[in-house]
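Let's take a friendly walk through this model, from one residue out to the whole assembly. Keep the structure open beside you as you read.

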Amino acid sequence: MIQENEVVTALLGIGVLIFIIANRLQLKRLPASGILIAGFYVLLTGWILTVLEGFFLGKLLNFLEHICYAGSAALVAAWCWKVFGKKEGWR
Amino acid sequence: MNPVGVIDLLSFLTILVAVIILWNGWKCALRRDIKLLFAGLLIFILSYNLCLFLEWSGITKALDTLEDFIGTLVLMLWAFVLYAFLQEMTVRDLHQSAEHLRVEVIERKRAEQLIQDARTYAESIVETMREPLLVLDANLRVISANRSFYRTFGVAAEEAKGQFIYELGNRYWDIPKLRELLEEILPKNTSFENFEVEYDLPTIGRRAMLLNARRIYREGNKTQMILLAIEDITERKRAEEALRESKQRLELALRGADLGLWDWNVQTGELIFDQRWANMLGYSLEEIEPHIRTWKKFVHPDDMPGVMEVLNAHLAGKTPFYETEYRLLTKSGEWKWILGRGRLLEWDKDGKPLRVAGTHLDITERKKVEKMQRLVQLGKLVANIAHEVNNPLMIISGRAQFSLMEEVESEEIKKNLQIIFEQTQRAKDIIQRSLRFSKPTKGELKQVDINRSIEEVTGIIEHQFKLGGVKIKRNYAQNLPFVSIDEKQIQEVFMNILTNAYDAISGEGIIEITISCEKDFLRIDFKDTGKGMSKEIIDKIFDPFFTTKEKGTGLGLSVCYGIIKAHNGELKFQSLPGQGTTATILLPIKETKHNVYDFSSG
């Protein structure tokens, strides 16, 4: 069953994705930018999976959705460690 | 617990760790508002994960709506955070650009200061220079000049600047050739050096100057200029002129005195000679090695010890100068008498002799004159003695002859008287020769066929020579001109030379007489196969009383020499030990006035 708010969130996520793609060159200059952007992509994947689980493979996709949230959390934590946890992180 | 709930719990805890990390690294260089925004994002993710955990672990489902709301906010916050990061990067870029700009400004200021320093430095040099300097623009108008220029040419700075160079001062620079050179510099990118000019300046009088000019290109404003440097060479030229005149005077003095120069570096052995030194010995300057060994090679071996003694005494500081007379070997093999003079001029830092210089004077002629003067004195002495001895000798001889004519009973006395008579005759003969040497008689000249005259002499002695094993070989040229001579005197010379040749041959030998015509002279050569003579003996052969024979008087060849000289002829000997001797007589063919040879004339 499709929930409207999930669709809106997914659409918002795609909007942010477009923003990232448009400014990818500048974002690349962020320290460890790859990890942070990857964290967002994985999170976005989770939300897309939320929408998709309403159509098919509900249980599996739901499980994968939560895996994505966990992965995104791990990537964001890793980015924090790289940027704020080290002296040479953000200069 | 539901596995999804476990995953959500892990997600929650992971984000919690991220929050702690951010908290610990709060003092990083990131702007505070961005850090707050990012912290907000983490808090909302944390909240979202908490809602998920509570829902999927079965604790409560009441937070479902909140969860959806937070999920939407998380997305929006992601967008804000990323945007804030972009802004931060832009601000950082701006800061960096501003920093670069600041650094550039500092660098530029520093560079400008350096340029200013260099300029001040260059200007101080130019102003301090004693040589006048002038800078012209492309139209040959004065841009600037240094103080020396204004002072030298008596031009004021305000007056000169912007002025056309040819109109400066009293139009000093308006010289056609200089115009040509100056006007070529910029179009053809040329330069010129040492262009000499002479100016009559009101301030300092007549001056000789050298001009040097070259193009200067200023990269900054792309302009071309001409730098004209002027060197005052008046004093240098005067000094050069004075030196040249001094050298000329020295040269004239040396030439006048016929002196050869030498300059010896005692420590290296280098010995510099001048042209006259070399010419004195018959060499050119290029033919002699400029070294002390050259001089040593030329010095007569008999004179070397004496010369070295004098030289060493001077080098040791025992004498104020070096002066000595010695013989040097000429290129033709003859010896020349030299008066060597010199003085030690320089010492090294240890006080050892370094440089000695001096002169050489050819005194060969003076030596000959001195020798002749000695001979004249000797001749006078001999004449006096002969005169004094001749009278008692005549009495002794007459008394002996008179006594012999009387009846003498004792054979012993008779024999003694005979010996006295013979020896007094011999003594008279010696006295006659001595008188002839010291005071040659004025001969009777007549035209003589020399072949006949010499045959008369050989006719007397040839038989005796043959008995002694010596043959006479004749090479007489025919139809020779007659010569004007005192025949008796000349025959005495022939006899003397032939007798000497015979005496020089031990055992068998040949005397070859050659008579020929040589230009204006009749030449008579007597070549023998005898034992020959050394050069030292030949040098003394005409000295009176010099003889190599046991019973010789040493007057024979002296008399011969006097007779031949009296006939304006030449008498020469050529010989080498073991290779025989050739005596050569040259008699002038033209009828000449017969002279009494005067030894004092040389």
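## Starting with one leucine

Is A:L60 buried, partly exposed or exposed? This is a predicted model, and in it A:L60 has a relative accessible area of 46%. Buried would need under 20% and exposed over 50%, so A:L60 counts as partly exposed. You can find A:L60 in helix α4 of chain A.

## A nonpolar patch on chain A

A:L60 also belongs to a nonpolar surface patch of about 1,100 Å². Other members include A:L11, A:I14, A:I48, A:F55, A:F63 and A:I67. The largest share, four residues, comes from α4(A).

As a general point, nonpolar side chains in soluble globular proteins tend to be buried together. The next section turns to side chains that are buried.

The largest nonpolar core has 46 residues and draws on both chains. The members touching the most others are A:C80 and A:F84 from chain A, with B:F38, B:V74, B:W78 and B:F85 from chain B. On the chain A side, α1 (4-22), α3 (33-52) and α4 (58-84) each give two or more residues to this core. On the chain B side, α1 (3-24), α2 (32-56) and α3 (64-128) do likewise. The largest share of the core, eleven residues, is supplied by α3(B).

## Where the chains meet

The contact between the chains involves 36 residues of chain A and 37 of chain B. The size of an interface is often given as the accessible area lost when the parts come together. For chain B and chain A, the buried area is about 3,300 Å², with 78% of it from carbon and sulfur atoms.

How many salt bridges are counted between chain B and chain A? The count is one. A salt bridge joins the side chains of B:D93 and A:R29, with an N to O distance of 2.2 Å.

## Chain B as a whole

Chain B contains 16 helices and 17 strands. Of its 602 residues, 39% count as buried. Its accessible surface is about 35,200 Å², and carbon and sulfur atoms account for 55% of that.

Contacts along the chain can also be sorted by sequence separation. Among chain B contacts with a separation of 6 or more, 57% are between residues 24 or more positions apart.

Conventions. Residues are numbered from 1 along each chain as its sequence is written. Chains are lettered from A and ligands numbered from 1 in the order in which they are written. This is a predicted model: local features need pLDDT of at least 70, side-chain atom pairs count only at pLDDT 80 or more; totals for chains, interfaces and linings use all residues. Side-chain values use heavy atoms; hydrogens and water are left out. Buried means under 20% relative accessible area, exposed over 50%, partly exposed in between (1.4 Å probe, protein chains only). Contact means heavy atoms within 4.5 Å. Accessible areas come from the Shrake-Rupley method with a 1.4 Å probe; for residues, only the protein chains shown count as cover. A nonpolar core is a set of buried Ala, Val, Leu, Ile, Met, Phe, Trp, Tyr and Cys residues joined through side-chain atoms within 4.5 Å. Patches are made of residues with over 30% relative accessible area and no salt bridge: like charges are joined within 9 Å, nonpolar side chains (Val, Leu, Ile, Met, Phe, Trp, Tyr) within 5 Å. A salt bridge is a side-chain nitrogen of Lys or Arg within 4 Å of a carboxyl oxygen of Asp or Glu. Buried area is the accessible area (1.4 Å probe) that two parts lose on being put together, summed over both.
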